[in-house]
Structures are given as structure tokens and as C-alpha cells.
Amino acid sequence: MATMPASASDLLKSFKLKTKQQELLIRVSILCLVYILAFITRLFSVLRYESMIHEFDPYFNYRTTLYLTENGFYDFWNWFDYESWYPLGRIVGGTLYPGLMVTAVLIYRILRFLRFAVHIREVCVLTAPFFASNTTLVAYFFGKEIWDSGAGLVAAILIAVCPGYISRSVAGSYDNEGVAIFALLFTFYVFVKAVNTGSLAWSLASAFGYFYMVSAWGGYVFIINLIPLYVLVLLITGRYSMRLYVAYNCMYILGMLLAMQIRFVGFQHVQSGEHMAAMGVFFLMQVFYFLDWVKHMLSDTKLFQAFLRITVTSAVAVGGIALGLGMVSGYISPWTGRFYSLLDPTYAKDHIPIIASVSEHQPTAWSSFMFDFHILLFLFPAGLYFCFKRLSDATIFIVMYGLTSMYFAGVMVRLILVATPAVCLISAIAVSATVKNLTVLLRSKNKVVQTGSTKGSGGSKSSSKALLDQSQPFQKNGAIALLFGAFYLLSRYATHCTWVTSEAYSSPSIVLAARGAHGNRVIFDDYREAYFWLRQNTPQDAKVMSWWDYGYQITAMGNRTVIVDNNTWNNTHIATVGRAMSSYEDEAIEIIRSLDVDYVLVVFGGVTGYSSDDINKFLWMVRIGGGVFPVIKEPDYLVNGEYRVDKGAAPKMLNCLIYDRARGVEIGNKDVKLEHLEEAFTTSNWIVRIYRVKPPNNRW
Amino acid sequence: IDLSSHIVKVYLTLKVENAGSTPTSEVLLSFPPTQADHLATVEALVTKGKRKKTTLVRLDVKATELPDAPNDAKYFTIYLANPLKSGESTTIEVLYLLTHSQEPFPAEIAQSESQLVYYRDSALILSPYHIKQQTTFIKTPSTKVESFTRVEPSNRAGTEIKYGPYEDHPPYSFSPILIHFENNSPFAVVEELVREVEISHWGNLQVTEQYTLVHAGARHKGVFSRVDYQSRPTLNGASSLRYLLARLPPRVHSVYYRDEIGNISSSHLRTDSRKSELEIEPRYPLFGGWKATFVIGYGLPLQDFLFETSDDRRYLNFTFGCPLLETVVDKLTVKVVLPEGSKDPSAVVPFPVEQHLETKYSYLDVVGRTVVVMEKKNLVPAHNSHFQVYYTFKPIFMLAEPLMLASAFFLFFVACVAYLHIDLSIRK
């Protein structure tokens with residue numbers, strides 16, 4: 001009996017971990033917790049509503065994923081979709097980024113193989129949170145690569161709950177961005193790792209990461225421009241090394257070849273203006289390497305200077321001529337409108353109304369920066385300061401990534417998403433470095449006190465610290481106060497993120513919830529009511545005309561053919577619909593008949609006070625329609641330069657088709673009688689109204 | 001004949017006399033072929049005891065083929081409990097239900113019109129026997145009767161039309177009648193219903209029901225106006241199907257109601273100790289010819305439905321038919337998913353059904369679960385009787401899946417430990 005406690009304590013001792021092991025254990029458990037946190041914080045919408053797909057574009061992705069699961073990959077690749085863009089159709093396999101769908105189906109197949117009887121919808125709903133969790137892991141390793149493991153941990157925590165990222169990755173937002181941010185960060189991380197180590201394996205990995213990114217999202221253009229820019233900066237600052245040469249060349253060549261396998265991207269890497277920077281930098285690298293070699297071979301500096309001049313001049317001349325020839329002959333396409341609108345925020349508004357009409361393409365307001373980043377906005381400059389203080393290849397990269405993406409985030413609301421990982425990483429560096437400095441201060445002082453009291457003599461370092469402490473008597477208290485301040489800020493950040501996620505980003509937008517008169521929750525499920533009605537009670541080949549926002553949802557949930565949808569690839573077609581919606585009924589019916597439309601669907605917010613209805617989007621219909629058909633003039637619909645829908649509305653406005661549809665019983669033009677259309681269905685809260693096109697009268 | 005809903009209920013009170021010389025225990029019922037196709041059930045009851053102590057005893061009824069049937073008439077034989085001796089008489093109560101027997105006319109109506117239907121029958125029942133006296137009462141849902149065939153003596157009072165009494169008719173006499181009346185009850189028809197009952201020995205019975213519902217009444221024509229529908233609900237869309245009531249077993253939990261595109265929020269569940277009622281509204285009111293598909297699912301405590309027999313077999317005791325009230329089911333498939341590892345399944349159903357076995361893979365299944373599939377056509381709520389599925393099951397199989405999971409996690413951790421302790425680098 002007496003030996004028992006002794007042996008037990010021995011056992012306990014043998015289980016006691018070394019400091020290093022303890023640190024590993026803490027790190028791994030923090031990472032696991034962050035991984036879980038990133039997942040569950042995105043589940044608000046599932047708990048509050050249901051496991052469903054949100055918004056507009058995800059419905060298209062869901063539909064294609066369904067098609068992929070049912071018909072297999074080859075059919076998917078060759079899929080010609082008759083149900084959208086009637087009568088043109090859409091070559092789906094060649095006009096989408098398949099990465100998301102393939103990923104979801106792969107997860108689905110694995111789960112099925114492991115005998116988890118899940119539905120593909122659940123996989124689609126949870127893909128974005130799953131990849132968000134993976135992103136936190138990548139953020140940890142990235143932070144570890146550019147600073148230290150502490151910064152990595154902080155970065156993982158920050159990115160796990162950052163609203164800028166959550167906005168696009170809540171459960172149900174089954175969109176390309178969900179996996180693309182993971183791919184983006186992964187590519188950057190592996191590339192930086194490759195630059196740091198010069199290892200061929202890592203640059204190969206970054207090429208594959210790039211391939212995945214290309215297959216998932218059009219935002220890959222950012223990678224293919226940022227990395228060359230980064231290489232260029234390294235070259236200019238004299239940080240050229242063999243490591244950089246290996247990393248960039250391998251990544252560029254392999255990444256380009258792999259990216260060409262995606263049909264939607266095709267030969268753009270050698271043909272489009274947006275990708276030319278990468279190619280230019282690639283050739284520049286070769287010239288640089290060649291010069292380096294010549295310099296090594298030639299001992300004479302004067303000769304080398306002359307050679308340098310000749311080579312650089314001729315290289316630049318050859319490059320310029322090649323580019324000029326390519327542009328003139330049309331082999332290299334000029335920059336697209338979207339690219340221009342990124343560089344010049346006012347471009348889209350003047351030239352491409354369809355891009356400007358999307359709310360997420362608007363320039364970002366300060367409030368939404370604050371909303372999405374919160375304290376990170378203040379920590380970002382501090383992190384930049386720390387990065388500049390300890391410049392290395394890796395920190396230069398993160399600084400460039402942060403600055404460029406911040407600029408783009410300012411141009412377009414949706415690009416806050418791209419900036420988020422950089423902002424989180426740089427802020428993490430700031431937090432980690434500050435907290436580390438403060439704790440070092442606290443600890444060293446404690447040590448001095450300890451050593452002073454117990455052992456009598458301290459090391460030279462601590463004694464010098466002690467001397468320093470005497471010069472700043474309040475340093476310890478200040479450090480404690482600062483630490484508390486930092487923790488207070490971080491906890492505010494956490495509360496803010498949770499609040500934003502729960503209030504702003506977790507509503508599916510297809511189901512509207514409101515508070516009733518007695519505080520109970522009222523659900524407006526009108527969209528699905530209408531789509532399901534279309535699905536069940538219209539002929540299989542019925543053609544539905546609506547504004548393009550609802551195109552994807554009608555095809556996915558209503559399973560009916562639409563005239564235009566969210567793909568917006570044919571501006572003329574959309575303008576035709578816009579013209580039909582904004583003309584007098586007699587004129588509109590001609591267009592409607594020429595498009596072979598059976599049903600017209602409009603969204604009407606008059607009864608429920610739902611604000612984003614078709615009347616709100618009406619000005620864009622006029623603008624887009626007017627862009628192609630000069631018959632439609634914007635001033636016709638305005639009264640003294642103002643947009644009004646009530647009694648004072650412009651006469652042309654009052655008589656146009658959409659007005660009749662959307663404001664059927666509103667003030668301004670009561671008792672509308674429609675000659676060529678009849679009401680086919682109206683949802684219970686009046687939000688969606690569907691009209692049937694009457695067949696033309698018989699002639700006698 | 002009760003025509004108040006879209007299911008036609010016919011009550012016959014037969015006073016049968018054995019006019020022959022030999023005692024018989026069989027009574028034949030005959031139906032014209034048009035009715036026989038729509039016939040859902042036939043039940044025969046006999047009253048026993050005297051005066052106040054009367055009890056109803058169910059008699060066996062079987063479909064039979066007779067070689068010399070005129071005009072393809074179909075027959076059912078009622079087997080009496082006690083043979084009827086020559087000259088004796090007895091009273092039999094017969095109840096049969098007809099589906100799809102009311103034909104909407106006009107076949108298409110606008111939203112504000114009410115639904116009018118035709119019902120065709122015979123003033124005299126078709127019988128292989130000589131009929132001494134017969135009276136037919138037809139009950140219509142409202143007093144609005146457009147027209148009815150007059151076969152003297154016949155008259156109409158309120159919601160009742162009376163034919164007869166007719167005296168002394170020879171066998172197989174027939175006198176067609178046609179009644180045109182208003183019936184605004186929604187014609188809720190489930191074209192196809194698949195019920196899946198999954199048994200888990202961890203204590204849950206999961207039921208999933210997939211419905212394809214259609215309004216089989218007069219087709220909707222022209223405009224659907226929500227203004228009129230909401231402001232004057234009694235006048236507009238009187239025959240539209242607004243909601244359905246499903247009667248579920250007590251202690252039901254985790255009820256859901258959804259369709260292909262997501263949850264449908266318009267449903268209410270009321271539970272008490274004896275039954276649960278689920279009131280469901282389709283996404284939109286169903287007018288004639290409109291369709292809706294949806295899924296209802298719920299969980300039930302296993303101990304209410306699973307029992308053990310004396311010879312160590314287990315059996316599930318569950319209702320067969322559709323839980324929705326006042327609906328006709330054209331085709332019903334009941335699937336009972338037995339737990340993995342159960343053997344020798346056999347089903348006992350009180351009426352003839354088609355049966356076969358299937359295999360289903362669910363969570364973490366290796367060999368798959370045996371599924372007993374039963375199919376039946378043309379069902380009415382009267383088919384909501386209990387059926388039993390017997391099978392044998394060893395409780396040790398319950399532990400298979402948890403053990404599998406545990407070993408998978410164990411292997412994962414072992415792999416982690418191994419990875420941390422092995423140095424895989426090439427250079428040293």
C-alpha cells in the first residue's frame with residue numbers, strides 16, 4: 001500500500017511532457033479548435049433556416065454539380081445547356097470553372113464510398129465551410145513561413161472568423177470563391193516556400209495549386225500578375241537568386257501548361273493581354289540569368305558593361321516588337337473591360353453598364369471596410385511596419401500582396417475577399433510581434449526579480465535589462481496594460497465577427513425572414529413557391545422571361561428554360577429583355593413573341609415592402625437596353641432627373657410593360673388592364689408574379 | 001351512396017334469403033366492369049346478438065371469377081360464418097369504396113366557378129340474384145344538384161335523392177342513372193406514394209414518405225388572381241386544395257416537410273397522447289390539374305412498434321396506408337428497411353400486395369440492409385390497417401458499426417504516432 005503513491009508519481013513523471021512537446025500539444029490543439037471554429041461559425045444559416053443553397057450564382061453551381069453527379073464527367077464536359085439563353089443555349093462545359101463542382105463531387109464520392117448516405121446538396125452546402133477550415137491551416141503555415149509559428153497561429157485565428165471571408169463562405173454559399181480563396185492562399189504559400197527553399201518540389205506544388213485555382217475561379221488572373229510583379233520587385237531590389245529562378249520558372253511553365261487544360265481558359269496564357277506580364281517576366285528572368293552567366297565568364301567589367309547595354313536594349317526591343325506585332329495582328333487580345341474597370345474604377349460606369357449594375361462591383365465604402373475588417377484595419381499598417389523592419393523575400397511578398405489586394409478591394413466590394421487573407425496575415429504579424437515583445441519584457445523583469453532574490457547574481461543580459469528597467473519604472477505596468485488592451489481589442493474583434501456573421505451574412509436571400517407584429521418570425525418563401533409552381537404546373541418546354549438576376553434560380557429550382565441568366569455573356573440578349581420590360585405593352589409583346597416566351601416573371605415588393613424588386617432594378621434595364629437600342633432613352637423615364645414610381649412618375653414610365661407587371665395595383669397607374677398577358681400565378685406574399693403570354697388572336 | 005367527398009362510399013344492407021334447397025355459405029356480389037376498376041375495398045359485416053348487445057363481425061370477402069359472367073361483370077364472394085339453410089334469411093352489411101368515380105363536368109373551370117361533377121351508377125344494384133325490393137338513397141354534398149335521371153319512383157329532398165322502392169326485378173337488371181351536382185371538396189389524389197420505414201435497433205423508427213399529389217378535379221382555366229383569392233376566399237377557388245391533414249402516430253418527433261428545393265415552412269404539428277396531427281399546406285393552393293411533390297419524414301420511438309415473438313423473432317407492427325385524411329392513393333410502395341444483419345424477413349398484410357426484396361446501403365453499411373418492398377394500387381384511408389414484418393436479428397450486429405468507427409479512429413492515431421516517430425528524409 002505504501003509504495004503505491006510513489007509508483008503513481010513516477011508514472012505521472014514519465015507522462016510529463018517536455019517543454020517542446022507541451023508546446024507542440026498546445027499548438028496542435030489550438031489549430032484543431034480553430035479548424036472546428038472556422039467550420040461551425042459558418043453554420044448560422046443552416047441552424048436558423050435550413051441546409052439550402054443561397055443567393056443566385058450558387059444555384060447554377062448546384063445545378064451543374066447535380067448534372068455532374070448524375071451524368072459523369074465526360075457528359076458534363078460536353079454539356080450543351082438548352083435551358084438557358086433561349087434560343088441561343090449555352091456551352092456549359094466550355095464556359096465555367098469546373099473546380100468547385102469537381103471538388104464537391106469528389107467529396108461526395110469519397111463519402112459515398114465510406115458509406116455515408118449523404119445527399120449531394122449537403123455536400124454542396126458544406127463545401128465552403130470545409131474549405132474555410134482548410135484555409136485556416138494554410139494561413140497557419142503561411143504565417144509560420146513568413147514570420148514565426150506564433151504569427152501563424154494568430155493568422156489562423158483571425159482568418160477563421162474574419163467577416164470579409166465569412167461573407168463568401170457561409171454554409172450554403174456554394175460559389176467559386178469558397179474554394180478559390182483556399183487555392184489562392186495555398187498557391188501563394190507554396191510559392192513563397194519554394195522561393196525560400198529553392199526546392200523544385202515546392203514549386204511543382206505551387207504549379208498544381210495554381211492549376212486548382214485556375215480551375216476554380218477567374219480570380220487566378222490576380223496570381224498570374226502578382227507573382228511576376230513580385231519577381232520583378234525582387235529583381236529590381238537586387239534579391240535575385242537561384243532559388244527565385246527555380247521557383248518562378250517551374251511554377252510559370254508548368255502552371256501555364258496545366259491551366260491550358262481548362263477549356264474556359266484555353267490559350268489565354270499566351271494570347272491575352274492580362275497574362276503578358278507573366279510571360280515578359282519569364283523572358284526577363286532568362287535574360288537576367290544569361291547576363292549573370294556572362295558576367296561570371298567575363299572578367300573584364302568594361303566589356304561586360306557594353307555587353308549588358310546591347311543585350312538589354314535588344315531584349316527590350318525584341319519584346320516590344322513581339323508584343324506590338326501580336327497586338328496588331330490580333331493574336332494577343334487587348335485587356336478586357338473587367339480588367340480595365342479594376343484599374344480605373346470609373347471605366348465600367350461609362351462603358352459597361354452590365355458590370356456596373358451588379359451591386360458587388362461597386363466601389364467599396366469605408367463603412368464596409370470597417371464592417372469586414374474591424375480592428376484588422378488598424379493592425380494592417382502596424383503589421384506593414386513590422387514587415388519592413390524585418391525585410392526578407394517572404395515579407396516582401398506579403399507586403400506586396402497586401403498592398404495590391406487592398407487597392408483592388410477599394411475598387412470593388414467583392415474583392416475585399418481577396419484582400420482578407422493578406423490583411424489577416426499582416427495583422428497577425430503585428431499582433432504576434434507586439435505580444436511577443438511585451439511578454440519578453442514582462443518575463444525578463446520577473447527573471448531579474450527572481451534571480452535577484454534567490455540566486456543573488458544574474459546573467460549579464462538580465463542585469464543590463466534590469467538597468468534598463470530602472471530607467472523606465474512604469475514599463476512593467478505599461479506592458480501589462482498594453483497586453484490587456486490587445487486582448488480587449490481581440491475579444492471585441494471576436495464579438496464583432498460573430499455578430500456580423502449572424503446578422504449580415506447568414507441569410508440565404510431566397511427566403512426572407514421578418515419580425516411579425518407579435519415578435520414572432522414570419523418567413524416569406526415566395527421565390528421558392530413561384531419556382532416550384534413553375535416546375536410542377538407549366539409545360540416541360542415553357543420559356544420564362546425574367547430579369548437576368550433570377551435566371552439561374554429559375555433553371556435550377558423551376559427547371560424551366562430562361563431567356564437570360566446571371567452568366568451575362570450576351571449583352572444584346574439582355575438588352576432585348578431590358579427593352580421588352582421597358583416598352584409599351586404593344587411594343588413589348590412583339591419582342592416577347594419574337595423570343596418565343598410563354599411566361600413572364602416579375603418581382604414585386606409593393607405588398608411586403610421588399611426593396612430589391614424589379615422596379616428598383618428598372619433603371620438598369622433602361623440603361624442596358626438603351627446601350628444597345630437607342631430607342632430607349634433614360635431621360636424618358638425620369639422626372640426632373642429624379643426616379644419616381646408614384647403618381648408623379650414620368651408618362652413613359654407609367655406606360656411601360658414592367659411597370660404594369662411590377663406595380664400592378666400600386667398608386668400611379670391603377671387598374672391596369674393587360675391585353676396580351678394574363679396573370680398565371682402570384683405567390684402568397686405577392687413578391688413573385690408570373691404572367692402567361694396569351695396566344696395571338698385568330699385572324700379571319 | 002355517399003357522394004359528399006371525392007371518395008364514393010356505398011353502404012349496402014342486404015337481406016339475403018336462401019331460396020334454394022341446399023344450405024349455402026357463399027353470397028355473390030357483382031359489379032359492372034366500370035366500377036370494378038375503381039373499386040378500392042369491399043367489406044362485409046354481419047350483426048350478431050340481439051337488440052342492444054349487437055356486435056359487428058367481419059366476414060371474409062374474396063374476388064372470384066365466374067365463367068358465365070354477363071358483360072364482364074366482376075364478382076366478390078362473401079363467406080358467411082354460419083351456412084344459410086334453405087328458406088332462412090340473414091342481414092349483411094356491405095361497405096365498398098369507389099375512387100375516381102366522379103367525373104368533373106365542365107372539365108375546366110375558372111377560379112370563381114364551383115366544381116360540378118357527374119356520378120354514374122345504376123338505380124338497381126347489379127346482382128346475380130332475384131331482387132324483391134330495393135331502395136337507393138344518394139347523399140350529395142350540397143343542395144345544388146343540376147340534374148338527375150328520373151327512374152320512377154324517385155324524388156329529391158335537401159341533400160338526398162331517393163330511388164325506389166322498386167319491386168321484383170330479375171337478376172342482372174340495370175337502369176343507368178346520371179347525377180350532376182356540385183362537389184367543392186378538393187379531389188386530393190396521391191399519384192404515387194413511397195413510404196420507407198427504417199428500423200434502427202438503437203431505438204428509432206424513421207419514416208420517410210414521398211408524395212406526388214395532384215388535384216384531380218376540374219382543371220383550372222385562365223387567370224389565377226391572387227387579389228380575388230385572398231379577398232373572397234369562399235367565392236373564389238372554392239374547390240382548391242389549401243391544406244391537408246396527416247394523422248401520425250403519437251410520440252412522433254423530428255418531423256420535417258420539404259421538397260426538392262428545400263423546406264416548406266407552412267406546416268403545423270399538434271400532438272397529444274393518443275395521436276399527432278400534422279397540418280400541411282402545399283407551397284401554393286392546388287387548383288384542378290395542378291401538381292405538387294413533397295416529402296414528409298418523422299421519427300418514432302421503436303418500442304411502440306417493434307415486438308418480440310415467443311420464438312425469438314422480432315416483428316414490426318405498423319400502419320400500411322397513407323396518413324393523409326380523405327385522399328386516394330393510386331400507387332403505394334411500402335419499404336421496410338431492416339437493420340443490417342437481419343435474416344428471414346416475411347411480411348403479413350391483411351390484403352393482397354405484391355412483394356419483393358431489395359438491398360439498401362445506408363450509413364456505414366458493409367453488406368447492406370434487407371428491404372421488404374410491398375406494392376399496392378388504388379388505396380383509400382380504409383386501408384390504414386396494420387401489417388407485420390417478421391425477421392430474426394442478433395443484437396451483436398448492433399455493435400458492428402461503433403466498433404468499425406472506433407477501430408478507424410484507432411488506426412488513424414496509430415498512423416499519426418508512427419508518422420511522428422519515423423524519419424522519412426533521404427539525406428542523412
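Predicted model: local features only at pLDDT ≥ 70, side-chain atom pairs only at ≥ 80, totals over all residues.
Chain A contains 31 helices and 9 strands, and buried residues account for 52% of its 700 residues. Among the contacts in chain A with a separation of 6 or more, 71% are made by residues 24 or more positions apart.

The buried residues of H10(A) are Ser203(A), Ser206(A), Ala207(A), Gly209(A), Tyr210(A), Met213(A), Val214(A), Ser215(A) and Ala216(A). An α-helix has 3.6 residues a turn, so residues three or four places apart point the same way. The cover over the buried residues of H10(A) includes helices H5 (99-113), H9 (176-197), H11 (220-236), H12 (242-259) and H13 (268-271) of chain A. Within helix H9 of chain A lies Asn176(A), which counts as buried because its relative accessibility is 13%. Beyond residues up to four places away in sequence, Asn176(A) touches Asn61(A), Tyr97(A), Leu100(A), Ala216(A) and Trp217(A).

The contact between the two chains draws 26 residues from chain A and 26 residues from chain B. Together the chains bury about 2500 Å², of which 53% is on carbon and sulfur atoms; on the side of chain A, the most area is lost by Arg115(A), Phe532(A) and Glu679(A), which together contribute 25% of what that side buries. Across this interface, 11 residue pairs are in polar contact, with both residues at pLDDT 80 or more. Helix H25 (526-537) and strand S8 (677-682) of chain A are the elements that give two or more residues to the side touching chain B, and H25(A) gives the most, with 7 residues. By type, the residues on this side of chain A comprise 11 nonpolar, 5 polar and 10 charged. The two chains are also joined by 2 salt bridges, and the side chains of Asp525(A) and Arg283(B) meet in a salt bridge at 3.1 Å, N to O. A network of salt bridges links Glu50(A), Asp525(A), Arg528(A), Asp259(B) and Arg283(B).

Over all chains, the salt bridges number 31. In chain A, Asp148(A) pairs with Lys436(A), their closest N and O atoms being 2.8 Å apart; this pair links distant parts of the chain, since Asp148(A) lies in the loop between helices H6 (120-146) and H7 (149-161) and Lys436(A) in helix H22, 288 residues apart. Asp148(A) counts as buried at 17% relative accessibility, whereas Lys436(A) is partly exposed, with a relative accessible area of 44%.

In chain B, Lys331(B) and Glu192(B) form a salt bridge with the closest N and O atoms 4.0 Å apart. Lys331(B) belongs to strand S26 and Glu192(B) to strand S15, so the pair ties together parts 139 residues apart in sequence. Elsewhere in chain B, Phe105(B) occupies the loop between strands S7 (102-104) and S8 (108-109) and is partly exposed, with a relative accessible area of 40%. Its contacts, apart from neighbours within four places in sequence, are Leu116(B), Val117(B), Tyr118(B) and His180(B). The C-alpha atoms of Phe105(B) and His180(B) are separated by 8.1 Å, although the two lie 75 residues apart along the chain.

Note on methods:
Residues numbered from 1 in each chain as written. Chains lettered and ligands numbered in written order. Heavy atoms only, no water. Contact = heavy atoms within 4.5 Å. Buried area = accessible area lost by both parts, 1.4 Å probe. Polar contact = N/O pair within 3.5 Å; in protein donor to acceptor, adjacent residues only side chain to side chain. Helix = DSSP H or I, 4+ residues; strand = E, 2+ residues; numbered from the N terminus. Nonpolar A, V, L, I, M, F, W, Y, C, P; charged D, E, K, R; others polar. Buried < 20%, exposed > 50% of the residue type's maximum accessible area, 1.4 Å probe, protein only.
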